[in-house]
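Subject: Structure for your review

Dear colleague,

Please find the structure below.

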Amino acid sequence: MARSKKVFSFKDLIYIALFTAAICLVAPMFFEWQAAIPVTAATGIICLTAAVIGFKRSLISVILYLLLGALGLPVFANWAGGYMQFAGRTGGYLIGFLALTAVTGLIVDRNPKNAYLYFVGMIAGVACCCFIGSMWLIIFGNFTFMEAIKSGFTPFITFECVKIFLAGLIAYPLRAIVLKKLL
């Protein structure tokens, strides 16, 4: 009888669990800012996760994070939890984390030896997340286009650049270590 190929190895599952835990611990850290949406560490840790463990594993990690939060664990901004977080102003950003993960993970997976593209992937991923979050504000928050951009995108540019810079510096060498351990 032919042996079926495993979708994920035991090591894959360990990395998925570790990075899910890291997201759950780091993502809720926030501070209020002059915007409708709080500034959190979520995008930074999700960028790092996608760049280090790649598209498939990081997407599972982020889905688990979102499910844990939806079930009520206090893993969202301001240590909030519950499915109603998806109905509020931050719902679009929570859903946008999936796009952030996918875009960053796919770009880095295709170019794992090019450190420059880690930053490009993270910038593209964060832009997708902010776009989805801003559109959510327009559709479900009754914001005008300009209000959504002023409240849901523009105030975050500096913070996102700092998080991307830090995640990019850490991700490239950390991915090399993780890939050696996975093989």
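Are E160 and K163 buried or exposed? Both E160 and K163 are buried, where buried means under 20% relative accessible area, exposed over 50%, and partly exposed in between (1.4 Å probe, protein chains only).

Two notes on reading the model come before the rest. This is a predicted model, in which local features need pLDDT of at least 70 and side-chain atom pairs count only at pLDDT 80 or more, while totals for chains, interfaces and linings use all residues. Residues are numbered from 1 along each chain as its sequence is written, and side-chain values use heavy atoms, with hydrogens and water left out.

Salt bridges

The structure holds 3 salt bridges; a salt bridge is a side-chain nitrogen of Lys or Arg within 4 Å of a carboxyl oxygen of Asp or Glu. In one of them, the side chains of E160 and K163 meet at 3.0 Å, N to O. These two residues lie in helix α6, 3 residues apart, about one turn of the helix. Helices are DSSP runs (H or I, at least four residues), numbered from the N terminus.

The side chains of D12 and R57 also form a salt bridge, at 3.1 Å, N to O. This pair links distant parts of the chain, with D12 in helix α1 (residues 10–26) and R57 in helix α2, 45 residues apart. Both D12 and R57 are buried.

R175 and D109 form a salt bridge at 2.9 Å, N to O. Here R175 in helix α6 is joined to D109 in helix α3 (residues 91–110), 66 residues away in the chain. R175 is buried, with a relative accessible area of 5%, whereas D109 is partly exposed, at 33%.

Helix α4

Helix α4 (residues 115–140) has 26 residues and reaches 38 Å from its first C-alpha to its last. This is close to the 38 Å expected at 1.5 Å a residue, the expected span being 1.5 Å times one less than the number of residues. Its buried residues include Y118, G125, C129 and W136. N142, which follows α4, has a positive phi, near 55°.

Residue S58

S58 is found in helix α2 (residues 42–70). It counts as buried because its relative accessibility is 0%. Not counting residues up to four places away in sequence, S58 touches T49, A50, I53 and T101, where contact means heavy atoms within 4.5 Å.

Yours sincerely
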